[in-house]
Amino acid sequence: MTLDAVLARIDATLPDAIDRLMAMLRVPSISTDPAYKADCAKMAEMIAADLGDLGFDAAARPTPGHPMVVGHGGTGERHLLFYGHYDVQPVDPLNLWHRPPFDPAIEDTPNGKVIRGRGSSDDKGQLMTFIEACRAWKAVHGTLPCRLTIFLEGEEESGSPSLIPFMKEHAAELTADLALICDTSMVSPGIPSIASQLRGMLKDEFTIRGPKIDLHSGHYGGPGLNPLKEIARIVASFHDPETGRVAVDGFYEGVHELAPALKKQWENCGFNEQTYLNSVGYSVSHGEKGYSTLELQWARPTLEVNGLWGGYQGAGSKTVIPSEAHCKITCRLVGDMDPDRLRDKIRAHVAARLSPDAHVTWDQDLEGSPAAVMNIARPEFELARAALSDEWNREAVFVGMGGSIPIAGFFKSVLGMDAMLIGFANDDDAIHSPNEKYDVESFHKGIRSWARVLARLA
């Protein structure tokens, strides 16, 4: 039997594969909200049972948080590990969804059929492309293509607090020749992509307090310090308004300029800047001046304000000076930026700009991970690139990624493994946003792509 038989099986059973994905999408496995703990456990058990049906020795393993799903199957000298996550982001604001987020459906759009629902792209649809490729392979050949370990997390969208302890405890069974990660996207629709580098992440949150209580703005408006004005002034100081550069002293320590050869490759990778911008309502690129959109997205660091709030937010008005104001920030890191050192720099920047009678407190739930660079010199990367090129009828490309996927670095630092990141999401999938979708073509050709990759790597 040949690979063609596996691909034909994938084509013939696509409706069944979509039905299995739909069943997963109906489970609200929101990891960050304790109200959905039982749903996360249900999702883990569902996947473990499905892997069991494929011949994997699989189970939902308990952790202090949500379960990890681990399955072992197949035989052979080559041992590959596949990673994905079954948890999803919260769905707020619910009123912006066109349909209930956990009532998935196939919809026709101007760009083709899509699977609509929370988790369809991030990451249930993506992880199922690999599992469905294994299912077709097993149906045709009676065995899996090589020795495989499936490793699925339930806390990726909530900071992965259990991940590193679990990996250390189970290092012997999780260590493989290479890790495969599906939680990524294509540089543009129809252009298969392998990530060569990922930005890191730093998260922080602070509160500025002024008066002991909310004050009447008629009695204290004027002489009183307003924490909302204070925090707005400090947030505005994070960036140079002329250049767009982050104005925190020492912020760019560890940042390297892009190599000319890699820059040229990115310029010819098929990325359409205007389509990328227009798809979300932008007309021009914003941010640090002097860099292309792809460089800003893949190779430059950022400091973003993700939430800013305080004071009265109900109907009508309330004439108060609030006692406190709050801000959430994240930084995307590149090169050799150190998240812990950067956190200290940002906190020093805020402290140096506080007015008298303003006091700052910082969140103590520290989260940060450095950037990661993939070892694309390994022969497996060229084999996978050829497999993807065959499926998509165009040359696959090595790309950077603007997002942060800490697991890629953890595989290296904890288990000593290289990782390969291949995914089939598109930039307009609205992951983390209302009306998330996954193109049916991405799902279908993603399954076929993994079958081809496994044939090459095994």
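Which strand is Thr361 found in? Thr361 sits in strand β14, which covers residues 359-362. Keep in mind as you read that this is a predicted model. Below is a quick tour of that strand, a few helices and the cysteines.

**Helix α15**

- Helix α15 takes up residues 440-457, so count 18 residues if you trace it.
- From the first C-alpha to the last, α15 reaches 26 Å, close to the 26 Å expected at 1.5 Å a residue.
- Is α15 largely enclosed or largely open? It is largely enclosed by the rest of the structure, because 15 of its 18 residues are buried.

**Helix α14 and what follows**

- Helix α14 runs over residues 406-415, and its buried residues are Ile407, Ala408, Phe410, Phe411 and Leu415.
- Just past the end of α14 comes Gly416, which takes a positive phi of about 70 degrees.

**How α2 and α4 cross**

- Two packed helices are described by the angle between their axes and the distance between those axes.
- For helix α2 (residues 14-25) and helix α4 (residues 124-141), the axes come within 10 Å and cross at roughly 140 degrees.
- That makes α2 and α4 oblique to each other, because an angle has to be over 145 degrees to count as roughly antiparallel.
- As for handedness, α2 passes α4 in a right-handed crossing.

**Cysteines without partners**

- A disulfide is a covalent bond between the sulfur atoms of two cysteines.
- How many disulfides does a search of the whole structure find? The search comes back with zero.
- Take Cys40, which is in no disulfide: the nearest cysteine sulfur belongs to Cys182 and is 17 Å away.
- Cys40 is also buried, with a relative accessible area of 0%.
- The cut-off for a disulfide is within 2.5 Å.
- Cys327 is buried, with a relative accessible area of 0%.

Conventions: Residues are numbered from 1 along each chain as its sequence is written. This is a predicted model: local features need pLDDT of at least 70, side-chain atom pairs count only at pLDDT 80 or more; totals for chains, interfaces and linings use all residues. Side-chain values use heavy atoms; hydrogens and water are left out. Helices (H or I, at least four residues) and strands (E, at least two) are DSSP runs, numbered from the N terminus. The expected span of a helix is 1.5 Å times one less than its number of residues. Buried means under 20% relative accessible area, exposed over 50%, partly exposed in between (1.4 Å probe, protein chains only). Axes are lines fitted to C-alpha atoms, for helices over the stretch in contact, and angles run from 0 to 180 degrees between N-to-C directions. Angles under 35 degrees count as roughly parallel, over 145 as roughly antiparallel, 65 to 115 as roughly perpendicular and the rest as oblique. A crossing is left-handed if the near helix is turned anticlockwise from the far one by less than a right angle, and right-handed if clockwise.
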